[in-house]
Amino acid sequence: MTTQTDATVGLRPSGLVLDGTEQVHLCASLFYFRVPREAWADRLAQVAASGYTLVDVYVPWNFHETAPGRWDFTGRRDVGEFLDLARDAGLGVIARPGPYICSEWDGGALPAWLTLEDGLALRQAEPRYLRHVEAWFDQVLPLLAARQRDRGGAVVAVQVENELDFFDTADRPAYLTRLHDLTVSHGITVPVVACAGQGDLAGATGGVDGITPAFNFYPDDLSPFVEAEVRQYADLVAGRGEPLLVMETNRRHATLRRLLVSGAKVIAPYLQASGFDFGYTPSVGNWGDPGGFMSHDYDFGGYLDPVGAPRPEMAEARVLARVLRTLGPALARSTTASADGAFRVDVATSASPSRLVLDGGGELIGIPNLTDDAGTAAFPAWFGGPEVAVPLPAASCLLVLRDLPLDRFGLPGTLRLASADLVGAGPDGIVLATTGASVVVLEAPGGRPVLVELDAPAPGAPVRTRIEAGVDGVAWAVVVRHPADVDADVDVDVDAPSDGGAAADEATTEHPPFTALTELSLPARTGHTTRHDVPPSSEAMGVYRGRTHYSTDLDGADELLVEGASDIVDLALDGAALPTIAGFGATFLLPVAGAARLDATVETWGHANFDDVRLPALRLGSLRGLGRVWTVVGRSDVSALWRVSAAGGWPGEPAPLRTLAGWSSTRVGEPTTYSRGLAIDDDAGDAHHHALRLAGVAGSVQVSVDGVAHTVTEDDPWLHLAPGAGRAVAITVPHQPGAGLAAELLRLEPVSGWDVEAQPDEVILDLSQAVAAGESAALPLELAPGEERWFEATVPSGGLSLGFEGAQVRVSAFAGGELLGRVWLDDPARPRFTGGDPGRLWLPAAWNDRTVRLLVRATRGAEASVLAGVRLTATQG
């Protein structure tokens, strides 16, 4: 991949220009790490068949550096092969190597061990972090550089970082300058871009020369304000001589049309091609509120489902792609304007619709219908004829062409109006596409406009007509096809017969449910432990993905305080299982009176992919494991005797002594500060660790401890005080009359002496493939709380979707040497899941050796733990 060619890539106001061709591009996210290698070529071919010309591809750092200094670019990690297959499919690639990618991927792709290094600051211009980034870029950027378009490859742009405007980077220019310099020093000559997640151009790019801004728009599909917002950004970058690049957005093509007419030159809906998070790779995140597990089924409703089956949006994709191809450079060079007053509708529509003024004449107007009811759009007379009314389908965005000169297609006259999509035009005539009735107005030179109303086509049954211009010898052949009959890859021929509609998706085959499994005599653990004074993090034990097991003697403790345990925490006292905890690192109290031993198994569902201060385990770079465990040796109520102060000298001196948030005032909502010292020394003057609990926090409060600021949230209303800390505490809250806080101070002693077993993912995978004897076990299976057992199922060949039925069990499924994923069946302790179907796993055909192994763990709740059934459904891949 080092052959130099004449192919060129450039950025102009008209967009991303490839080989000198100006065109608006559609780009689909397609992630090789979420699709088996054996399916790469087919999945890329499907994207190419949709008419999309680009794919954006994250390259996750921690997928390739699987342990410190251990790099892997082979097998399903062979990103170079994926890029070569993209080239073979005729697709350009926007490569996104991070270092941070988000993508609901484990840790946003930042390796889990980075923050073990004291003082290392993620996503900062900090030397230790940048040294790790340089090592990553040294590995990945040469692969990308060798596959740039001017070397015969697919790469047409490289994105550095991702949505940095969501993160508190102290020196953005310095950080992004370093990333940019590293990128170009490795031979990257294609455009370098950085995307803004919330519209902050400078926050995303640092204002660094050589980095082109791109934007991620995730509007409500029914918002009437999409066009006005996008046009502002189109005008902003146009003033810089740059195109509007939309690197991520929603998947509905009705929304993509709204972005198009508002000035976007590259439109990249996120995750049109879905996939699966195999292994221990999903993330935890906030998704609007703290906490949530990303499902292994990584799906947001794109035009290809996770196993590669097309959805109805695929036809919409082909039609929009044909529109872009037909209008070509005239569309790319268009300018954006408001369409206010250009039409009127009888349904809810955009508050400020958009239109594109096409280069060489004509305009394209976007008319959204933001309802589920069909409507009508009416255009006032503008060519000397009557008002024109066109059907407006439900939940759509018409792209209405007006006053388009047809000589560019070798046709006479002007297309005064077309309410159906123009998907082809040439000397033989005009081809349109729509699902409903449409209106066409044509005008010959020197003639009068001719308005024709056309019936709705059906799949395999296009509407054909010949429109006479009223001028000698001038007529137009017009064909209206159903979207199912539009092929994005082939020029649309007016005379071509219909193919009878797009082939229907293959019917799924439901296999008979299992009535029994084979129980295997396999251990769930190796039993090899090491001794530690305090419980180490999973990462410190080399568990970057997988599980860590902890055990300790309690020595007569009555109550423990656990800080930072995450993600899935299974506890047992003297062998009796307790309810599972998935608290994302929030501190909790654990009664243990009378128990002699504590056992804990902590499984990493994933590291935080987004930075959220409200829960400890949702901070980017937060570690996993049991956290710190303390014995509570004393507690005192410290809700009273707080001094009150506020801005402007209120309430005066001497400051009143009140309970927390107990000052009555007319200054509702104004910040009020309560301060006091805490009794942190014992009678002998020795300082201890303490925990301050604030009950009644609404949202968050600011707490200063000896001059150091902290944020305490209602999701984790605890603050740890190291020995000697807490002599001066100040709590600032917006004043709300009648609201109150309670404060309690707990004195702590560490729980010491831990036996720890590390069980990283490769150890679990080895167990899953071990030879073992077995015996039949009938379904349903009832398990005791905390019990964990191995089972095996013999399955049909081919691709399979696995569904599970039951309650209060967690199932990990293995096949082909891989963890297919995990499901957590009906359980009060189960956290919220986001993404696709949390109860479905995929066994790709290429990984199917006719057996699936299941590691089933019972949790403890009000009902019995039962694995009731396993369902198998055939998939296409």
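**Close-up views of a predicted model**

View 1. Glu-788 lies in strand E51, which covers residues 788-794; helices (H or I, at least four residues) and strands (E, at least two) are DSSP runs, numbered from the N terminus. The model is predicted, so local features need pLDDT of at least 70 and side-chain atom pairs count only at pLDDT 80 or more, while totals for chains, interfaces and linings use all residues. Residues are numbered from 1 along each chain as its sequence is written, and side-chain values use heavy atoms, with hydrogens and water left out. With a relative accessible area of 18%, Glu-788 is buried (under 20% relative accessible area; exposed is over 50% and partly exposed in between, with a 1.4 Å probe and protein chains only). Its side chain makes polar contacts with the side chains of Arg-547 at 2.5 Å and Arg-857 at 3.5 Å. A polar contact is a pair of N or O atoms within 3.5 Å; within protein, one must be able to donate a hydrogen and the other to accept it, and residues adjacent in sequence count only if both atoms are side-chain atoms. Beyond neighbours within four places in sequence, the contacts of Glu-788 are Ala-524, Arg-547, Leu-855, Val-856 and Arg-857 (heavy atoms within 4.5 Å).

**View 2. Nonpolar cores.** The largest nonpolar core has 138 residues, of which Val-47, Tyr-129, Leu-260 and Trp-476 touch the most other members. Helix H9 (residues 313-332) gives the most to this core, 10 residues. Such a core is a set of buried Ala, Val, Leu, Ile, Met, Phe, Trp, Tyr and Cys residues joined through side-chain atoms within 4.5 Å. A second, separate core holds 33 residues, including Leu-783 and Phe-804. Leaving out residues up to four places away in sequence, Val-47 touches Ala-28, Leu-30, Tyr-52, Val-55, Leu-91, Ala-273, Tyr-303 and Leu-304.

**View 3. Helix H8.** In H8 (residues 253-261), 9 of 9 residues are buried. Among them are His-253, Arg-257 and Arg-258. Just after the helix, Gly-263 takes a positive phi of about 115 degrees.

View 4. E24 and E25 (residues 429-433) run antiparallel and are joined by 5 bridges, with Gly-429 of E25 as the bridge partner of Gly-426.

**View 5. Hairpin of E53 and E54.** Strand E53 (residues 809-815) pairs with E54 in the antiparallel sense over 6 bridges. Ala-813 stands opposite Gly-821 in E54. The hairpin has 2 residues between its strands, and Gly-816 takes a positive phi near 60 degrees. In E54 (residues 818-824), 7 of 7 residues are buried.

**View 6. Confidence along the chain.** The mean pLDDT is 94, and 97% of residues reach 70 or more; pLDDT is the predictor's confidence in each residue, from 0 to 100. Over residues 500-507 the pLDDT is below 50, and this stretch has 11 contacts in the model beyond near neighbours in sequence.

Terms used: Two strands pair if DSSP finds at least two bridges between them.
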